[in-house]
Amino acid sequence: MFPEKPEEYRLFVHSSQDQIDLWQTSRSNIRSLIFNVIDLDSLSWPRDISFIFDNFKLVKVLDLESFNIGGTFPGEIQYIIHMRYFAAQTDANSIPSSIAKLWNLETFVVRGLGGEVILPSSLLKMVKLRHIHVKRRASFSLHENMSESLANYQLDNLETFSTPRLSYGEDAEIILKKMPNLRKLSCIFSGTFGYSEKVKGRCVHFPRLEFLSCLKSLKLVSNSYPAKLPHVFSFPSRPRELTLSKFRLPWSQISSIAELPNLEILKLLLRAFEGDEWEVKDSEFPELKYLELDDLNIARWSVSEDAFPMLECLVLTKCKQLKEIPSPFEDAASLRSIEVNWCSWFVANSALEIERMQHEDMANGAFTVTIQPPDWAGSSGGATVFKGWSSERPLPEN
């Protein structure tokens, strides 16, 4: 329903897609316009939304993310100059450069239904932007004189950016150096083969990030073909949270991560590292509190007594080759919980043994273990395991 009083500036439309046109009545007082289209096929059939730009010119919040706005990004959007928040789903593969005329925009959210969305370099002129979210992936439309044309512009207010596809080289550095106060970055890395003085030979280079001194959260997904050459990274010096996926790095290269002084959360997902054995040495991961290993082919994991001195939570998921959880966790004073999901029975049993030691020897009654049995548990006759499973009842070792 329309608001009864003109001073009520927010309009929330909960409707099926074929009824959107019923909302074409001009409501010049509306400042926040949010659509929630409930059709299951709302992503398949684009809608004509030109009436929005004609009838709601004073909106500051425009949320069209619940349905497909079409294969051409609407050029009329440039005239809604008061807008601060915009979200949409689209089949379009590029955003027009005229988007930069929305000089008040602070949050820009686009879900590309067709894959990669190309962002115009003019986006870097929108100095009030605080959040850019392109779901799936994004790239920038670059040109030869981009560095000169954007010399006087910088996104000092930008805090979060996802998910650009970046390659090693000058272009990626030009873009990221325009975001000096970035706090959260989620991106797709494409590696580039080259020579490195650091390793004295050929390697796979990734974009440099060390100049992002304010970065607290970094999520990286590799889009490169796996290579046995060394990989050269330059991480920011002070991230608090780091997630890596699909890099297939040897465990010997984790040392650069282990030395990060402020790292508290580490997630290694989907073959981030490959190899049978991971050895964690003395004093590595000095501030880490949360460690998640998901879908890795590690079989043997050894941990020094002095490693992970601050670890509170360990999560293991689909590490089906892993034989056991390292015994030093049995007397880790900081450890509060272990979660095991779809790993081997051996891992589940070692988690229960750690629970017993934590309760009996460390008097850590608050320590908990949560176990989700392997996928094959039902077919092999294994027991169902759940939170609170008694450590006096060992799990089958089949």
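**Entry 1: Arg356 and Glu360.** I looked up this pair in the predicted model and found their side chains joined by a salt bridge, 2.9 Å from N to O. The term means a side-chain nitrogen of Lys or Arg within 4 Å of a carboxyl oxygen of Asp or Glu. Both residues sit in helix 5, 4 residues apart, so about one helical turn separates them. I noted the rule for helices (DSSP runs of H or I, at least four residues) and strands (runs of E, at least two), numbered from the N terminus. Glu360 is exposed at 55% relative accessible area. I wrote down the cut-offs: buried is under 20%, exposed is over 50%, and partly exposed lies in between, with a 1.4 Å probe and protein chains only.

**Entry 2: Arg356 again.** I found that Arg356 also forms a salt bridge with Glu353, with the closest N and O atoms 2.6 Å apart. Arg356 is partly exposed at 28%. Glu353 is partly exposed too, at 31%.

**Entry 3: Glu312 and Arg336.** Here the closest N and O atoms of the salt bridge are 3.9 Å apart. Glu312 lies in the loop between strands 19 and 20, and Arg336 in the loop between strands 20 and 21, so the pair ties together parts 24 residues apart in sequence. Arg336 is exposed at 53%, while Glu312 is partly exposed at 25%.

**Entry 4: the whole structure.** My search of the whole structure gave 15 salt bridges.

**Entry 5: ground rules.** Residues are numbered from 1 along each chain as its sequence is written. The model is predicted, local features need pLDDT of at least 70, side-chain atom pairs count only at pLDDT 80 or more, and totals for chains, interfaces and linings use all residues, while side-chain values use heavy atoms, leaving out hydrogens and water.
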